[in-house]
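I opened this one to go through its packing piece by piece and jot down what I looked up. My notes follow the order in which I went.

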Amino acid sequence: LLLGRRITDRHVQDRIWADAVAPAGGIILAIGAGGALKQVLVTVGLPDVFAKLASLGSVSPVLLAWAVAAAIRVATGSATVATITAAGIMSGVAGSVHVDPTFLVLAIGAGSVVLSHVNDPGFWLVKGYLGTSTSDTFRTWTMLETGIALVGGLMVFVLNIFFGR
């Protein structure tokens with residue numbers, strides 16, 4: 001049914017489905033890639049390494065969560081992949097050190113938006129909608145995203161100091 005009318009032409013139905021499902025394919029692919037990367041890193045024991053590092057007290061678990069998400073974001077360009085992968089890596093930290101997991105989640109969220117660049121679909125979406133050049137998009141969108149990541153990460157770090165467990 002389309003707007004209350006049944007479409008019987010098979011070619012029209014196929015075209016509607018193709019047009020509706022195609023944009024979702026990229027999103028599903030990114031989420032699947034993030035999940036696969038996360039599982040590979042979990043399987044090789046990376047969460048245990050980060051848990052041990054955090055338990056030594058040499059680095060704040062919140063700062064570590066932000067840095068892991070930021071590094072993955074810069075490497076892959078995808079905030080979704082950075083979030084999923086960093087959450088899997090930091091799962092060992094959440095269970096092993098005395099830190100409120102809420103602050104780890106917030107830190108991962110903040111770190112996952114740092115330095116939007118040409119591997120980020122959102123970069124091209126903003127560039128296309130605003131009609132800016134690539135260099136102008138770097139100067140505006142990338143700097144905005146980085147500012148959000150830095151201010152957000154700093155706020156989470158400070159809040160953890162005052163309100164963390």
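**Entry 1: aromatic rings**

I began with the ring pairs, which link Phe123, Trp124 and Phe138 into a cluster. A note to myself before going further: this is a predicted model. I searched the whole structure for aromatic pairs and got 2 of them.

I took Phe123 and Trp124 to start with. How are the planes of Phe123 and Trp124 set, and how far apart are the ring centres? The planes stand at 80 degrees and the centres are 5.2 Å apart. I have this pair down as edge-to-face, because anything over 60 degrees goes in that class.

Then I checked Phe123 against Phe138. Their ring centres lie 4.9 Å apart. The planes are at 50 degrees, so I wrote this pair down as tilted. Phe123 belongs to helix H6 (residues 121-130) and Phe138 to helix H7 (residues 134-163), so the pair ties together parts 15 residues apart in sequence.

Is Phe123 buried or exposed? Phe123 has 0% relative accessibility, so I count it as buried. Trp124 comes out at 39%, so it goes down as partly exposed. Phe138, at 33%, is partly exposed as well.

**Entry 2: Trp124 and what it touches**

I stayed on Trp124, which is in helix H6. Leaving out neighbours within four places in sequence, I find Trp124 in contact with Val118 and Thr134.

**Entry 3: the loop between H5 and H6**

Next I went to the loop that joins helix H5 (101-111) to H6, where I found His117. Its relative accessible area is 16%, and the cut-off for buried is under 20%, so I call His117 buried. Which residues does His117 contact, leaving aside neighbours within four places in sequence? I listed Arg73, Val74, Gly77, Phe123 and Phe138. Two of those names come from my ring cluster, Phe123 and Phe138.

Leu115 is in this loop as well. I flagged its backbone: phi is near 50 degrees, a positive value in a residue that is not glycine. With a relative accessible area of 35%, Leu115 is partly exposed.

**Entry 4: H2 against H3**

I turned to helix H2 (residues 46-55) and helix H3 (residues 61-76). Their axes are 10 Å apart, and the helices pack at an angle of about 145 degrees. I noted the crossing of H2 and H3 as right-handed. Which residues make the contact? From H2 I have Phe50, Leu53 and Ala54, and from H3 I have Pro61, Leu64 and Val68. Sorted by type, the contact residues give 6 nonpolar, no polar and no charged.

While on H2, I looked up Lys52, which is in this helix. Lys52 has a relative accessible area of 57%, so I put it down as exposed.

**Entry 5: H3 on its own**

I checked the length of H3. For its 16 residues at 1.5 Å a residue, I expect a span of 22 Å; the end C-alpha atoms are 22 Å apart, which agrees.

I then listed the buried residues of H3: Pro61, Val62, Leu64, Ala65, Trp66, Val68, Ala69, Ala70, Ile72 and Arg73. What do the buried residues of H3 pack against? My list reads H2, helix H4 (79-96), H5 and H7. Arg73 is also one of the contacts I wrote down for His117.

**Entry 6: Val156**

I finished in helix H7, at Val156. Val156 is buried, with a relative accessible area of 7%. Not counting residues up to four places away in sequence, Val156 touches Val62, Phe103, Leu106 and Ala107. Val62 was already on my list of buried H3 residues. I also looked up the spacing to Val42: the C-alpha atoms of Val156 and Val42 are 25 Å apart, and the two are 114 residues apart along the chain.

Methods. Residues numbered from 1 in each chain as written. Predicted model: local features only at pLDDT ≥ 70, side-chain atom pairs only at ≥ 80, totals over all residues. Heavy atoms only, no water. Axes fitted to C-alpha atoms, helices over the stretch in contact; angles between N-to-C directions. Helix = DSSP H or I, 4+ residues; strand = E, 2+ residues; numbered from the N terminus. Left-handed = near helix turned anticlockwise from the far one by under 90°. Contact = heavy atoms within 4.5 Å. Nonpolar A, V, L, I, M, F, W, Y, C, P; charged D, E, K, R; others polar. Phe/Tyr/Trp six-rings, centres within 6.5 Å; stacked < 30°, edge-to-face > 60°. Buried < 20%, exposed > 50% of the residue type's maximum accessible area, 1.4 Å probe, protein only. Expected span 1.5 Å × (residues − 1).
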